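Reader: I have a protein model open and I would like to learn how to read it. Could you take me through it one feature at a time?

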Amino acid sequence: MNQDELKIAVVTSGRADWGLLHPLVSELSGRGVKLLIIATYAHLFPEMGDTISELVDDGFPPTMSVPARRPRQEAVADAVTGFSMAFRYLRPDVAVVLGDRFEILGVATAAVLERTPLAHIAGGTVSEGAFDDAFRNAISQMATIHLPETDKARRRLITAGADPRLTSTAGALGVYNALNTPLIPLKEFESSLDFELGDKYLLGTFHPATLSKLEPIPQMKIWIAGLEKALDRHPDLKLLLTFPNTDNEPTSLLNLLFTLAASRRGRVKVVPSLGRVRYLTAAKHAAVVGGNSSSGIVEVPSLGVPVVDVGIRQQGRERAKSIIHTDLDAESIADGISLALTPEMREEASRAVNPYFKADTPSLMADFLISEAEKLKKSR
């Protein structure tokens, strides 16, 4: 290996961040740098959909895997220990992380302890209903290079002490994916699910909010009750639901989802993970996207599809006018879905301006990341 070759480690901990990181990794792979892909946490849980196979299928098998156990406290501790050893062994010139996950906080801590420069994507964002807000801010404080999604986020980072020269607005990778990923024809997608969706379905993902006064199971029960009301109101509506994340022990939550599917055979399909291409295909063809995933806030508006954002999890995020917010209340959720299904809301979604859009985000990120990482490498 060329000793002068820039080594960039990209850390991915699950289906959500890999789907976003993939276009940046693809861009970097053609830039003459040594890419080190490190997989951890949910990627290594077979029960969550064996998502590490997505890296292999995408042509980027992990250079290294770092196990991190549940619950959250052990995941953070394992990430600190495991990534300290990984960075010591691989000696990257910069490590790239995305977002606000607790296991990524452990990765960032390891980078600081091993004096590995950290580049943070999507810092400066606000999501007041989850631990993620505190984790995101902590990761930003430990990072040297910042790639926020919006100008508002950039200003927040600089106000909090980020060096303006090392902070560049690049837009959201999810929006780039939404606008540039070749999608699957609906019939082919339905065949992959072994489920007929038709032309009126809701794509839903609900993660119990970690700062809610309610425990995860009651939160999930309210979400499901709202979905059931919507099914009763709209006899031609179907649901495609993905698993919640691993912030909480998922078994009881999954049992609730599968019970719903069993009680509404032919109208509800539950899947562990759709992957990047199938998720965007599902969102594009959906009549409405619902729940509280950040994907509904960030990328779905660029697909021209109405979104129902439920509860407090994404509170504080910048958002397009095509997003309907509802309380975590069954009647409110059903009302929001009914509103999203109206022609007027579909028209609103078709012309929505997405604050997370910026042209050619992966190229902008790669340019800035490589330029600043090379400067840091020379100064070390």
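Reader: Is Glu347 buried or exposed, or something in between?

Author: Glu347 is partly exposed, because its relative accessible area is 44%. Keep in mind that this is a predicted model. For this scale, under 20% is buried and over 50% is exposed.

Reader: What does Glu347 pair with?

Author: First, the general idea. Side chains of opposite charge can pair when their charged atoms come close. Here, Glu347 forms a salt bridge with Arg351, with 3.2 Å between the closest N and O atoms. Arg351 also has a salt bridge with Glu348, where the closest N and O atoms are 3.4 Å apart. Glu348 is partly exposed, because its relative accessibility is 21%.

Reader: How many salt bridges are there?

Author: The count is 19 salt bridges. Look at the one between the side chains of Glu331 and Lys229, at 3.5 Å from N to O. It links distant parts of the chain: Glu331 belongs to helix H13 and Lys229 to helix H9, and they are 102 residues apart. Glu331 counts as partly exposed, at 38% relative accessibility, and Lys229 also counts as partly exposed, at 34%.

Reader: Which residues are linked with Glu331 and Lys229 in a network?

Author: Arg233 and Asp335 are linked with them in a network of salt bridges.

Reader: Now the sheets, please. In what order do the strands of the sheet with E1 come?

Author: In general, strands of a sheet pair through backbone hydrogen bonds, either parallel or antiparallel. In this case 6 strands form an open sheet, and the order is E3-E2-E1-E4-E5-E6, with parallel pairing. Strand E3 (64-66) and E6 are the edge strands, each pairing on one side only. From one strand to the next, the twist averages 25°.

Reader: How many bridges join E1 to E4?

Author: There are 3 bridges joining these parallel strands, E1 and E4. To find the spot in your viewer, look for Ile8, which stands opposite Val94 in E4. H15 lies across E1, E4, E5 and E6, and runs at about 175° to E6.

Reader: What is the order of the strands in the sheet with E7?

Author: That open sheet also has 6 strands, in the order E9-E8-E7-E10-E11-E12, and its pairing is parallel. Strand E9 (268-271) and strand E12 (323-326) are at the edges with a single partner strand each, so one side of each has no neighbour in the sheet. The twist averages 20° from one strand to the next. Strand E8 (residues 238-242) and E9 run parallel and are joined by 4 bridges, and Leu240 has Lys269 in E9 as its bridge partner. Helix H11 (residues 275-285) lies across strand E7 (201-205), E8 and strand E10 (288-291), at about 135° to E7.

Reader: How many residues are in the largest nonpolar core?

Author: It has 33 residues, and Ile8, Val10, Leu28 and Ile121 have the most contacts inside it. Several elements supply at least two residues each, including strand E1 (7-12), helix H1 (15-29) and strand E5 (118-121). H15 gives the largest share, 7 residues. A second, separate core has 28 residues, among them Val66 and Phe83.

Reader: What about polar or charged residues? Is Arg136 buried or exposed?

Author: Arg136 is buried, because its relative accessible area is 1%. This residue is in helix H5 (residues 132-142). Beyond its neighbours within four places in sequence, Arg136 is in contact with residues including Asp100, His120, Ser127 and Arg317.

Reader: Where does Asn354 lie?

Author: Asn354 is in the loop between helix H14 (343-350) and helix H15 (361-379). It counts as buried, because its relative accessibility is 9%. The side chain of Asn354 makes a polar contact of 2.8 Å with the side chain of Ser302. A polar atom of the Asn354 side chain also lies 3.0 Å from the backbone nitrogen of Tyr356. Not counting residues up to four places away in sequence, Asn354 touches Val175, Val298, Glu299, Pro301 and Ser302.

Note on methods
Residues are numbered from 1 along each chain as its sequence is written. This is a predicted model: local features need pLDDT of at least 70, side-chain atom pairs count only at pLDDT 80 or more; totals for chains, interfaces and linings use all residues. Side-chain values use heavy atoms; hydrogens and water are left out. Buried means under 20% relative accessible area, exposed over 50%, partly exposed in between (1.4 Å probe, protein chains only). A polar contact is a pair of N or O atoms within 3.5 Å; within protein, one must be able to donate a hydrogen and the other to accept it, and residues adjacent in sequence count only if both atoms are side-chain atoms. Contact means heavy atoms within 4.5 Å. A nonpolar core is a set of buried Ala, Val, Leu, Ile, Met, Phe, Trp, Tyr and Cys residues joined through side-chain atoms within 4.5 Å. Two strands pair if DSSP finds at least two bridges between them. Axes are lines fitted to C-alpha atoms, for helices over the stretch in contact, and angles run from 0 to 180 degrees between N-to-C directions. A salt bridge is a side-chain nitrogen of Lys or Arg within 4 Å of a carboxyl oxygen of Asp or Glu.
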